[in-house]
Amino acid sequence: MHMIATKEVTPDPYEDILKQILAEVVELRQKIEINANQRLQKYQGYYHSGCFSKSACNLAHYLAMRQFDLRHLQDRLAQAGLSSLGRAEASVLSTLDSLIEVLKRATDKHYLSGEKKTSEYGFNRGQQLLEQHAIELFGPFHEHGRAHVMVTLSTEACWDYTLVSSLLEKGMTCARINCAHDDPVVWQGMITNIRRAETEMGRPCRILMDLAGHKIRTGPVALGPSIHHIRVQKDRTGKIVAPGYLILTADSESPSADSSLFRVSISKPLHKKLAPEVCLSFIDNQNKQRCLKVEKALSDTDWLVSCERTAYLVSGCTLMLAAAGHRKSVDKFTLGQFAGEPLDIRVLKNQLLLLTTGNIDGKPAEYDDSGALIHPAQIGCTLSSAIEELEIGQTVWIDDGKLGAIVETVTEQGALLRVTVAKNSGVRIQSDKGINFPEAEFNLPPLTQKDLADLDFVCMHADLVGFSFVETLADMEFLMSELAKRNASELPIIAKIETNRAVKNLPDIILGTIGRRNLGIMIARGDLAVELGSARLAEIQEELLWLCEAAHVPVIWATQVLESIAKKDTRSRPEFTDAAMAVRAECVMLNKGPYILDAIEALVNVMVRMQEHQRKKFSRLRALHW
């Protein structure tokens, strides 16, 4: 009897690796579902139907997935030529299910594909929801691409319709009105111009009105003597090549004919006597005789005058005008009063700075004749109660992080700070500059009295309301209740993430809000950079983008985008790189500036190019023509 030889089957090590990966992915999916369901239970009370939206569920799945360190699994998936889960944000379970399906087919020849649990919520559904939510917030996309352009309006937009229409023509799809500036009369003028431009140009434009919030700022700075330094231009040899100029006006309440020049009032009788080439002599603060020569009329009220030599013009000084036909006879007039310039408060690293209540004017440090410190430099804080809450060792940042300090002591006079961060030449402290306290909690109400008053106007005119310095879900609840009182329960909210506390609470804010309210997130990178530090911000802004994509919540990428163009008409290579990264957000915000139209054009150009290469974290392999 002949034995039939059988061929020995050699185990496939590659198949064993795939089976091991499959087991890990299946276990991971099970853990994610359990963890996500537990997380969502906390928010049952916020949803009357008891059902969570697909977006809320997906965010919970994403948060659950990111609790695990998946780097080793990702490496093995990538080596096997499979999805490494690196782009799973928008559809977590669908991505896992697709991966499991492929692994089962590869490891089991007899596997028959069944109906997937998440068939109704496929891989593309997450992207569709995010796009739908972006359109609901910012309107339809324009022809220039799939990212919206938001522009902060300057005061001129109130009366300059040409500016507003040009903004829309260049590509603005959302106009931002900052309630921290101007007033309802100006805001109404801006809105009227926007609505008119929408109608005439056929271009929709949403209006976001930002509530000011508890923006803590430096107080006023004491003024120096009421003296204006008239500066002439000199060449390298000291020869005067151009006189100094200023404006004499008979109506200081009227708009200035040239806002770049110092403007001081004179009496109407003197104004009537002025004419080109007429000279007004005066004695300056250094007891030197000087002359103001009338150059030309700038308007019905303003005269442009020049001074051929450096002078220190004193407020209320006597002006002498030679009487017509009488060379030795003069008519005397009194110059109008004007305020002095703020004192120069400059501090260096390791010096002391006293942070006082807001009703005490700031002033520079005082020293005795031997150079010993008598009194440190001081500056007020608009939120006086904050000083009492500070603790020794906490950090304080002033003027967008230009000056950093730590609290050394807290007394009745204020908080004594030791400067730890300042450039070598020192930092000049001015009024109305932001102050950040990253480590302090002040338990302030979510909205100020001004915010509540402004909210009446916002609810009547805005398409979106910006919530500044939101930090908790309780803050969101407060705003939503105030909107309900004003019959504006449907008004979408843009939550501005500006503090470290807001970053930590963002999952809570989103999970407790989406499904009940149209929501957008603004990454306010200026304040965040101060709160977190620049290196940490670079990491956090990525995490915020991922988190919001998982929740299908549109993101506004804000602060200093193409700032050099908007303000100075100069191109900065790093800023263009930053603008290229911004295309991963659903909306990009530009701040106001004299060259804002050029900035919009540059931003749209970058977005059009980059959207052919990048969608969120997904690199798109468009053909390259080298």
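Predicted model: local features only at pLDDT ≥ 70, side-chain atom pairs only at ≥ 80, totals over all residues.
Colleague: Where does N443 lie?
Modeller: Residues are numbered from 1 along each chain as its sequence is written, and side-chain values use heavy atoms, leaving out hydrogens and water. Helices (H or I, at least four residues) and strands (E, at least two) are DSSP runs, numbered from the N terminus. On that numbering, N443 is in the loop between β24 and α10 (449-461).

Colleague: Is N443 buried or exposed?
Modeller: Its phi is near 50 degrees, a positive value in a residue other than glycine. Buried means under 20% relative accessible area, exposed over 50%, and partly exposed in between, with a 1.4 Å probe and protein chains only. N443 has 65% relative accessibility, so it counts as exposed.

Colleague: T559 has a positive phi too. What is the value?
Modeller: T559 sits in the loop between β28 (555-558) and α15. T559 is buried because its relative accessible area is 18%. T559 is not a glycine, yet its phi is about 85 degrees.

Colleague: Why does K496 count as buried?
Modeller: K496 belongs to strand β26 (residues 493-497). Contact means heavy atoms within 4.5 Å. Beyond four places in sequence, K496 is in contact with R176, D210, F467, S468, F469, V470 and M522. K496 counts as buried because its relative accessibility is 6%.

Colleague: Which residues of α17 are buried?
Modeller: Helix α17 (residues 596-610) has 15 residues and spans 21 Å from first C-alpha to last, close to the 21 Å expected at 1.5 Å a residue. That expected span is 1.5 Å times one less than the number of residues. An α-helix has 3.6 residues a turn, so residues three or four places apart point the same way. In α17 the buried residues are I596, A599, I600, A602, L603, V604, V606 and M607.

Colleague: What do the buried residues of α17 pack against?
Modeller: The partners include both strands and helices. They are β1 (148-152), α6 (161-170), α15 (563-568), α16 (573-582) and β29 (587-590).

Colleague: What is the volume of the largest pocket, and which lining residues are closest to its centre?
Modeller: On a 1 Å grid over the protein atoms alone, a pocket is an open set of points with protein on both sides within 12 Å along at least five of seven lines, a cavity is a set where a 1.4 Å probe fits but cannot get out, and lining residues have an atom within 4 Å of a point. Grid points are joined across faces, edges and corners, and a volume is the space filled by probe spheres set on the points. The largest pocket has about 1600 Å³. Of its 49 lining residues, the closest to the centre are K215, R217, D400, D527 and N591.

Colleague: Which element supplies the largest share of that pocket's lining?
Modeller: The lining divides into 14 nonpolar, 16 polar and 19 charged residues. Here Ala, Val, Leu, Ile, Met, Phe, Trp, Tyr, Cys and Pro count as nonpolar, Asp, Glu, Lys and Arg as charged, and the others, Gly among them, as polar. Elements that each supply at least two residues include β2 (174-178), β27 (519-524) and α14 (534-550). The largest share, 5 residues, comes from α13.

Colleague: And which element gives the most to the lining of the second largest pocket?
Modeller: The second largest pocket has about 580 Å³. Of its 27 lining residues, A440, F442, E471, T499 and R501 are the closest to its centre. β24 (435-436), α12 (500-511) and α13 each supply at least two. The most, 3 residues, comes from α12.
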